[in-house]
Amino acid sequence: MSNLKTKEKTAPGAKPEAAKGIDSAPSVSPAAAAINLETLFENNPWTDMGDGTRRFTTDYGKTFSTGHGGVFLVETRDGKESLKPVCGPLWVSGDIENEKGEDQRRAIKWRDRNGREHEHVFRRDEFLDPKAVLRVLLSGGLHIGQAVTAQGGSEIHNFLLQYPQAEKITGVDRLGWWDLGKCFALPGGVVIGEPPEPMLFTGDRESAPRYGEKGTLEDWRQSVGTDARNSWRLMFALCVGVTPPLMPFCKEENGGFHFYGQSSKGKSTLARALCSLWGTAEDGQDNEMGGWENTANGVEAFAASHNQFPMVLDEISRADPNKVVDLLYKLGNGRGKGRMNRNLGLAKTHAWQTMFLSTGERRTEEQAALAIRRAPVQDGALIRLVNIPAVVSDALGVFDELPEGLTVDALAGRINKAAKAEAYGTAGPAFIRGVIEEVASLGGVEAFRERLEHDRAEWKRKHCDSTDSKILRVASRFGLVAAAGELAIIRGVFPWAPGDANKAAAACFTAWLDNFQTDAKKEDEILGRLDDFVLSSADHFDKVSDTLKVEHVSGRPLYGFIIPEGGEHAAYFIPSEFGRWFCEPLGMNQREVCSVLLKRERLKANDKRRGVLKAKSGERVHRLVPLGRAVVVLGIPFPQA
């Protein structure tokens, strides 16, 4: 498997189509066709014949000869040796198993009639079905030189079963870093850097990201990379796209950035620019621009397939409102649920490190509010996917400025065209090479880790002066994105001036922070809306003046009573009406609202868990209020009667 040791060598792995019309004729006994799998990897010795061919003898006495001319069965009759054709050139290029010696496979190579080389990796248990193995070989153009049974039994099958131990290869079922800071695996079998030993990707190629490339790195730099300089948000999106490969070097939780705002203002251009780092930005579910619908089924497998790569979740309106919050928690957790396999053992748990970029007209909480059973979106979800307004201005959309002579549509169109069809898939791999070079230049992983953490902490120190734990968590994520962008600049991937990535992250962080509601902001909003509610609904309250004159509600539902108390006014709400008319429209339950009022000393209650004032049996909560229980809100800015 010499190709596995070569830098950035593509290893074939596509599934061939099934072959048809296999001739059937008896050639081997049933016992020979059903070799015990314990003999599969026995090390039968080779004999070099000195003429470009080699031979080995199986443990049941048959001898095979193999070379450029193909595979032959060596037969001896009356002291004379003859070669019986078996098939075209065919050999085992590697024996594969994972780090635990499990998931054993054989990598098979062959040449078709035109001399083209093919490869397929068979799981060890697939050799139990000779017909299925033969289908793969036939559909890949292998010349068959002998008859086979109806079940696919043949000397080809015996040859592959008894083939001597080939080069040992470690199978790895994940993409990303195989050896941190030294060797990184891309989808499609491309490996950047030198693996510590022969290695091969054995994961699910079908669910892997659809990456590819067109043009050169310089083509990308001169198109998408250069045009992005007209928008801090575009520059930030590109920085997000190179951040996931750095996550294993530091402690950073999974999370994302959601750009929201009006349609036709360039939000999808942000997503397409990010896609262009690793592959085409063409629309469609089979491509990386597939969006939120890619998470509808198998979100854990989808996230695991993007381990140490970015995820693009375009157009949040495609997400199920009933599941969007749960999806954010799942993506943020970085690990799937433990499950049992068919043998009642513990199945392998999916795990991932990633950052995701989302777009849409609605904010995260607005999409979740469309759910059938609506519930308030907790801060945990809004921290995992932070909302950033995408539109800088109505005139410029996501751009901060325009090149002379270009309109918004023309500039966005130019970026989208390049990302889709002209220059893509080169910047991401170039960044990985840059990381490997940077690690080497600094003397190893630990030194690189320290540099990365220093750069992140320095950005955080300069741009975040908050002590709020939620804001600090988000600032840490922005800081890592900024550090990734600056590294891409230093290594010649992004065609920007040093410091530009820091500025782009700062612009987006400020935009998020200006629109993020801290606990204090949320509490202020609740109190302000409550005061406004009482004032606007004054004709639903019985009002008591300072002279104890009562003005009763007439012809309208009664919400409660407003009376002077302690130099101010207090609203004595009927509890059911307080919940119905104020709490429910706010998207909160009564206890949540009352806990805020209690914290801000705006609630008078002796049952603090329920947030109500309860009178003794047979008595009133206030001599002028005919209620045994009330939600009593203090400090109401009510005008004097």
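This briefing walks through the predicted model shown above, from its overall make-up down to single residues. The model is predicted, so local features need a pLDDT of at least 70 and side-chain atom pairs count only at pLDDT 80 or more, while totals for chains, interfaces and linings use all residues. Residues are numbered from 1 along each chain as its sequence is written, and side-chain values use heavy atoms, leaving out hydrogens and water.

**Overall picture**

- The protein has 18 helices and 24 strands, where helices (H or I, at least four residues) and strands (E, at least two) are DSSP runs numbered from the N terminus.
- Of its 641 residues, 51% are buried; buried means under 20% relative accessible area, exposed over 50%, and partly exposed in between, with a 1.4 Å probe and protein chains only.
- Among contacts (heavy atoms within 4.5 Å) with a separation of 6 or more, 66% join residues 24 or more positions apart.

**Confidence**

- The average pLDDT (the predictor's confidence in each residue, from 0 to 100) is 86, and 88% of the residues score at least 70.
- Residues 1–44 fall below 50, and this stretch has 110 contacts in the model beyond near neighbours in sequence.
- Where pLDDT is low, the predicted coordinates should not be read in detail.

**Nonpolar cores**

- The largest nonpolar core holds 94 residues, and those with the most contacts inside it are Phe236, Phe257, Ile388, Phe478 and Phe494. Such a core is a set of buried Ala, Val, Leu, Ile, Met, Phe, Trp, Tyr and Cys residues joined through side-chain atoms within 4.5 Å.
- Helix H14 (residues 469–490) gives the most to this core, with 12 residues.
- Leaving aside residues up to four places away in sequence, Phe478 touches Phe236, Phe257, Val386, Ile388, Trp459, Ala505, Cys508 and Phe509.
- A second, separate core of 26 residues includes Leu527, Ala538, Phe582 and Leu586.

**Helix H18 and its surroundings**

- In helix H18 (residues 590–599), the buried residues are Val593, Cys594, Val596 and Leu597.
- Seen down the axis of H18, these residues fall within an arc of 155°, so they line one face of the helix; the arc is that of the directions from the helix axis to the C-beta atoms.
- Their cover includes helices H16 (519–536) and H17 (575–586), along with strands E22 (603–604) and E24 (629–636).
- At the N-terminal end, Asn589 caps H18, with a side-chain oxygen 3.2 Å from the backbone nitrogen of Arg591.
- After H18 comes Glu601, whose phi is positive, near 60°.

- Ala506 is found in helix H15 (residues 500–515) and counts as buried at 13% relative accessibility.
- Beyond residues up to four places away in sequence, Ala506 touches Trp459 and His463.
- Ala506 and Gly479 are 27 residues apart in sequence, with their C-alpha atoms 8.8 Å apart.
- Arg272, in helix H6 (residues 267–275), is buried, with a relative accessible area of 11%.
- With the residues up to four places away in sequence not counted, Arg272 touches Ala281, Asp283, Met289, Asn416, Ala419 and Lys420.

**Positive phi in loops**

- Asp78 lies in the loop between strands E4 (70–77) and E5 (80–87), has a positive phi near 55°, and is exposed, with a relative accessible area of 82%.
- Glu315 sits in the loop between strand E15 (311–313) and helix H8 (324–333), with a positive phi of about 65° although it is not a glycine.

Methods: A polar contact is a pair of N or O atoms within 3.5 Å; within protein, one must be able to donate a hydrogen and the other to accept it, and residues adjacent in sequence count only if both atoms are side-chain atoms.
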